[in-house]
Amino acid sequence: MTPEGQQRGAEVLRARGIDGLVVIGGDGSYQGANKLSKLGIKTMGLPGTIDNDIPFTDFTIGFDTAVSIVVDAINKLRDTMTSHERSSVVEVMGRHCGDIALYAGLASGAETILVPEVPFNLDEVAMRMQENFRHGKRHSIIVVAEGVGDGEEIAARIAELSGIEPRVTCLGHIQRGGTPTHNDRVLASRLGDFAVQKLIEGESGKACGIIKGELVTTDIDLVTSTKKEFNMELYNLALRLSQ
Ligand SMILES: Nc1ncnc2c1ncn2[C@@H]1O[C@H](COP(=O)(O)OP(=O)(O)O)[C@@H](O)[C@H]1O
Ligand SMILES: O=P(O)(O)OC[C@H]1O[C@](O)(COP(=O)(O)O)[C@@H](O)[C@@H]1O
């Protein structure tokens, strides 16, 4: 947004007597909130994105719901994969962040999880599928974060390398809609209340988050200039459990 647009935004808020603003969103929303705060509007950011890609919070509002939709879909797919002895590539959202793939893959016992944060080798994936097949496990679920590449292309390459042709399911915008989980509702309620409390106490230019169950605020400048760290511990756990 242009500086004029930001200035106009601040003027409109003042003219309407709005003395505090809670902005819910991701990086773009936080940039806007930060600008408004620097123009004298008391502003707090709340992390709202299905991707869970905002640093200084363990979870973002919407992430739990998206993960639960993916887990539900994989549970359903697994029934046919086992009965028909097939494999599936499931493409999930997360253009730059593999958290949806990681949490949903771990929760649903996916055999392989491919995320943009961790380099991978499709030869190894294919070899593992063939080995499993030889040992009698004739189905496989491969969860792919969209940031890694196109699910169809990945499936085609796996078929070439392994001789096992996976079905592809791209969950797309299904992951973004529907009824929020109770975890998301509780998180949103707690964070919303906390943001308003902090505004009343006079804080501004901060983003609210939850770290190890505790509600925290962090300077928006720091949040927007930091990349969220990928949880390698969970990734390695998923890898161990799938072997
Ligand atoms: N520098 C900025 N100043 C003011 N508003 C901004 C700025 N950057 C982004 N925005 C506004 O924030 C909103 C949300 O940003 P967007 O990138 O679409 O989503 P997200 O918050 O999920 O990253 C947009 O309407 C955009 O106009
Ligand atoms: O409609 P598109 O362009 O595929 O966009 C979907 C994008 O939105 C996201 O779901 C994130 O959206 P939110 O930050 O609004 O939750 C990404 O995972 C995905 O890349």
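Predicted model: local features only at pLDDT ≥ 70, side-chain atom pairs only at ≥ 80, totals over all residues.
**Ground rules.** Residues count from 1 along each chain as written, with chains lettered from A and ligands numbered from 1 in written order. Local features need pLDDT of at least 70 and side-chain atom pairs 80 or more, while totals for chains, interfaces and linings use all residues; side-chain values use heavy atoms, without hydrogens or water.

**Rings.** I looked for ring pairs (Phe, Tyr or the six-membered Trp ring, centres within 6.5 Å; planes under 30 degrees apart are stacked, over 60 edge-to-face, the rest tilted). The count came to 4 aromatic pairs. I checked F63 and Y103: edge-to-face, 5.1 Å centre to centre, with 90° between the planes. F63 sits in α3 (63-84) and Y103 in α4 (99-107), so this pair ties together parts 40 residues apart in sequence. Helices here are DSSP runs of H or I, at least four residues, and strands are E runs of at least two, numbered from the N terminus.

Buried or exposed (under 20% or over 50% relative accessible area, partly exposed in between; 1.4 Å probe, protein chains only)? I found F63 buried at 3%, and Y103 partly exposed at 23%. Ring pairs link F59, F63 and Y103 into a cluster.

**Helix α1.** I noted that Q6, A10 and L13 are buried in α1. Down the axis, the buried residues fall within an arc of 65° (directions from helix axis to C-beta atoms), so they line one face of the helix. E4, R8 and A15 are exposed on the other side. After α1 comes G17, with a positive phi near 70°.
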